[in-house]
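Here are a few quick notes to go with the structure, in the order I'd look at things. Have the viewer open while you read.

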Amino acid sequence: MKIVMVASEVVPFAKTGGLADVVGALPLALEKQGQDVIIIMPGYKAVHNLKTPAIKNFQEGVSYATIGKNIRVYFIDNEIYFGRDQLYGEKTGDYKDNLERFSYFAKKALELLKVIKFKPDIVHCHDWQSALVPVYLKTTLAEDPFFKQTKTIFTIHNIGYQGLFPKDQLPKTGLDWGVFNTEMLEYYDQINLLKGGIVFSDLINTVSDTYSKEIQTKEFGFGMEGILNKRKADLFGIINGLDYAIWDPSTDKKIVENFSAKDLAGKKAAKADLQKLSKLPVKDTVPLFGIVSRLAQQKGFDILAEGIDAICKMDLQLVILGTGDQKYHDILEAMVKKYPKVISLHIKFDDALAHKIYAGSDIFLMPSKYEPCGLGQMISLRYGTVPLVYKTGGLADTVDDKNGYVFNKYSKDELNKTIKKAIKDFKARKAWQDLMLRGMKCNFSWSAQSKKYIELYEKAKTK
Ligand code: ADP
C-alpha cells in the first residue's frame, strides 16, 4: 500500500509530546512490513537547525530527509508560518494565525503528493493540525481523479485539543460556508478542526481501546461524544507501541551505564547519577519517584498539587521534569524551597534528562486524569521503573497490579495512599525486584501494533 502520514510533529525532527513519538516510529514499522510510506510535516525552524539526518532542498517551499531504509520525510517550508521558535504558540498563548498556518500546511501537503506523483491508498492524519486534509479531500478535491482511490484515517491522540478558531477566519481555509454547520466544522459558533477530521475521514481511531470507549461519553468526550457516537461503527482503538531502538536500557547512550533484566547493576548507577544531578542525597535505600510530563491538569497535577506537601513529608525523593502551567511551576518551586533534600524540579524540555529519569527512578508517577495512551508508563516499564497510575485510558490498558500500581478513584487521598503503599513495598526488596522484572518483560512493540494499523488501512480501502 502507498501510505502518507501527515502530522505536525515527528521524532527526530520536532516533538512536544507523544504524537511525535508515534509518527516517528509507526512508519518505520510499516516499512519493515513492506509498505510504501512517506511523511509530510511542517519545516519548523528546529527542523532546519538539525544536523542529522541531513535536510535537503527538494523544490521552492519543500525540503526533505530520509529515515528508516527509504522513508522520505517532506517538510513544508514557509519562513513566515514555520520559521518560529515554537510549534504552536508561546507562553502567552497559541499563535493567533494557527488556522492559516495549518490550512497552508494541509493544502501544500496535498499539492506535493501530485508533484511527486505519490497516489496514496491511505492518507493517515493525526490530531487537529492535519485535520483539514480529510476535509479538503472530501470537499474541494472530491472530484479530483488523482485522489479517486484515496481513503483517509484520522487518529485522535488527545481529544482535549481541538483546534478552535473564530468563525470569521473560515475564508482563510478556502472552504465554502457550506461546511460551517453543526454536522460538520461548526462547534458553538466556532470552527472546530478536530470535528472536521472526525466527520470527513473514512475511519477514525484513537490510541487505546479504553480511550476509544471513554471519548464516546460526556465525561471524556470534550463535546465530541455526540459526533463520535454517530461514527461509532468507524471508530477503533489501537494502543501505541514503543520504539525500542530509542527506549532500551541495554543500548541507551543517554544513560550513565546500560542495564537489562539480566543485569541490573547499571540501574543502581543510573539512580545515583540522577540523584547527583538533581542535587538530592545519593542514597539507594530511599525510593526515588520520577515524573516526565507536561505540567497540566490532564496529567494529574491538580491532585498532585493538593497533596504535594504531605508527599514531601514521606520517606521518598521526587524528581520532576516538565513544562506547562505557571500555576504548577509556582507550587512545585515553593516545595523545592521547603524540601530541597526531597524534591528536585527541572522546568524544561530535555530529552536526555528524560532518559535519565526513566532509567534512574524506582517509581514513575503518572496520575493522569485522562490519558489517551501514555508513553511514560510504557517507557518506565522497560527501564525497570515501576509505574504508579490512575486507572484511565491507555494507563488502564497497560498497567495493572502485576507490573505496577493503579488507583481507582481520582483524588489526592487515593494518590497519596498508593504512594505510601509503593514506598512500603519498595522496602521489601525481593518482591520489589520481581515487580520490576515483570514490567521489564512487557512488550509494547510497534511491530505488533503496526500490523493492527495495516488491518485498519485494509478496512478503510473497503469504504
Ligand atoms: P503527551 O503526548 O500527552 O504529552 P505521552 O505520555 O503520550 O504524553 O508522551 C509524552 C512524551 O513526551 C514522552 O516521550 C515523554 O518522555 C516526553 N516528554 C514530556 N515532557 C518532557 C520534557 N519536559 N522533556 C523531555 N521529554 C518530555
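1. Start with Y358: one of its polar side-chain atoms sits 2.7 Å from an oxygen atom of the ligand. Keep in mind that this is a predicted model. The protein covers 92% of the 570 Å² of accessible area that the ligand has on its own.

2. Who else is there? The ligand is surrounded by 20 residues, and K15, G18, R294, K348 and Y358 are the closest. By type, the shell splits into seven nonpolar, six polar and seven charged residues.

3. K348 uses a polar backbone atom, 2.8 Å from a nitrogen atom of the ligand. With D21, the side chain is involved: an N or O atom there is 3.1 Å from a ligand oxygen.

4. As for where the shell comes from, α1 (18-32) and α13 (351-360) are the elements that give two or more residues to it. The largest share, three residues, is from α13.

5. Now for the sheet. Three strands form an open sheet in the order β10-β12-β11, paired antiparallel. Each of β10 (164-166) and β11 (186-187) has a single partner strand and stands at an edge, so one side of each is left without a neighbour in the sheet.

6. Zooming in, β11 and β12 (residues 190-192) are joined by two bridges in the antiparallel sense, and Y187 stands opposite Q190 in β12. Helix α6 (residues 193-200) lies across β10, β11 and β12, at about 50 degrees to β12.

Definitions and conventions:
Residues are numbered from 1 along each chain as its sequence is written. This is a predicted model: local features need pLDDT of at least 70, side-chain atom pairs count only at pLDDT 80 or more; totals for chains, interfaces and linings use all residues. Side-chain values use heavy atoms; hydrogens and water are left out. Two strands pair if DSSP finds at least two bridges between them. Helices (H or I, at least four residues) and strands (E, at least two) are DSSP runs, numbered from the N terminus. Contact means heavy atoms within 4.5 Å. Axes are lines fitted to C-alpha atoms, for helices over the stretch in contact, and angles run from 0 to 180 degrees between N-to-C directions. A residue is near a molecule or strand if one of its heavy atoms lies within 4 Å of it. A polar contact is a pair of N or O atoms within 3.5 Å; within protein, one must be able to donate a hydrogen and the other to accept it, and residues adjacent in sequence count only if both atoms are side-chain atoms. Accessible areas come from the Shrake-Rupley method with a 1.4 Å probe; for residues, only the protein chains shown count as cover. Ala, Val, Leu, Ile, Met, Phe, Trp, Tyr, Cys and Pro count as nonpolar, Asp, Glu, Lys and Arg as charged, and the others, Gly among them, as polar.
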